[in-house]
Amino acid sequence: MCRLFGLHAGTEPVKATFWLLKAPDSLAVQSHRAPDGTGIGVFNGQGTPTVSKQPMAAWQDADFACSARTLEGTNFLAHVRYASTGGHTLENTHPFEQDGRLFAHNGVVHGLAELDARIAECGGAGLVYGQTDSERMFALVTAEVRRNGGDVGAGVVTALRWIAVNLPVYSLNFILATDTELWALRYPETHELHVLERCAGGCDGGELQVGSQRIQARCRDLAEQDSVVVASEPMDADPSWRLLVPGELLHVDEGLQVTSSFPLPAAPAHLLALTDLDVTAAASQYPHAS
């Protein structure tokens, strides 16, 4: 399956090198199990994000390694892709950018013709450049944010409620980042999504590290300030990782205050099973697909 990663560091810029390259289960490690594309987006306080992405595995991508070491900002969104819908192209590679926001998704949604019609009905025509269900989800969110006067939370809830009620859904797990906020959803219980609210110093009272190799994996900027990490699976041994409850919509604000709500139906009206997916999509959704 695809892997999601989000990092909010508040108002002080940091690098995400530890989580992207050096953690025991870094995104580079996870990309061996999700080889169809990789992307990193970051907000550096200027309002508009910087995005680096390629339709290839992160562990093979020199640009990914370079970006992971050099990009600095307050809010990160990264993704490694195991394709279910759409070819291995740049247009289909996450994260997607619309209206200065970033979005990445893990899951499958059917009924794309109906979704396209809803996007157009809501004024979102022209937002979609690729073939994925994920970019279409984001386009509906963007259209609903516009219709709600720029209120991201209202736009997210309105769009996702419509999808949950009207379309066949396997998983809607996503992370959405703005220059000051992070949103994440686990829905329904199909795939996991985890959050780590990491205080300065972390669980060991010191630096982020790989095993006992403290110097090699040193990352003082992240170790010395609070941060919130969201990921498809725990990326290190910190015991503070928490599995989101199915249906939980997580919001992290600029001050790193974390709140949760449960605005969607308990289950999608048309819940898909793995056997309802075609061979390609089904292969992409196994938790440890490789």
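Predicted model: local features only at pLDDT ≥ 70, side-chain atom pairs only at ≥ 80, totals over all residues.
Helices here are DSSP runs (H or I) of at least four residues, numbered from the N terminus.

View A. Let's start with α4, which spans residues 112-121 and has Leu-115, Arg-118 and Ile-119 buried. Why do these residues sit on the same side of α4? Because the arc they cover around the axis is only 100 degrees. As a general rule, an α-helix has 3.6 residues a turn, so residues three or four places apart point the same way. Ala-113 and Glu-121 are exposed, on the face of α4 turned away from its buried side.

**View B. The surroundings of α4.** The packing partners of the buried α4 residues are α5 (133-147) and α6 (152-166). After α4 comes Gly-123, with a positive phi near 90 degrees.

**View C. The open sheet.** Here 6 strands pair in the antiparallel sense, in the order β7-β8-β10-β11-β15-β16. At the edges are β7 (96-98) and β16 (258-261), each of which pairs on one side only. From one strand to the next, the twist averages 20 degrees.

**View D. The β7 and β8 pair, with α5 on the sheet.** Antiparallel pairing joins β7 to β8 (residues 101-106) over 3 bridges. Look for Glu-97, which stands opposite Leu-102 in β8. Helix α5 packs on the sheet and touches β7, β8 and β10 (173-177), its direction making about 135 degrees with that of β8.

Definitions and conventions. Residues numbered from 1 in each chain as written. Heavy atoms only, no water. Buried < 20%, exposed > 50% of the residue type's maximum accessible area, 1.4 Å probe, protein only. Helix = DSSP H or I, 4+ residues; strand = E, 2+ residues; numbered from the N terminus. Arc of directions from axis to C-beta. Contact = heavy atoms within 4.5 Å. Pairing = 2+ DSSP bridges. Axes fitted to C-alpha atoms, helices over the stretch in contact; angles between N-to-C directions.
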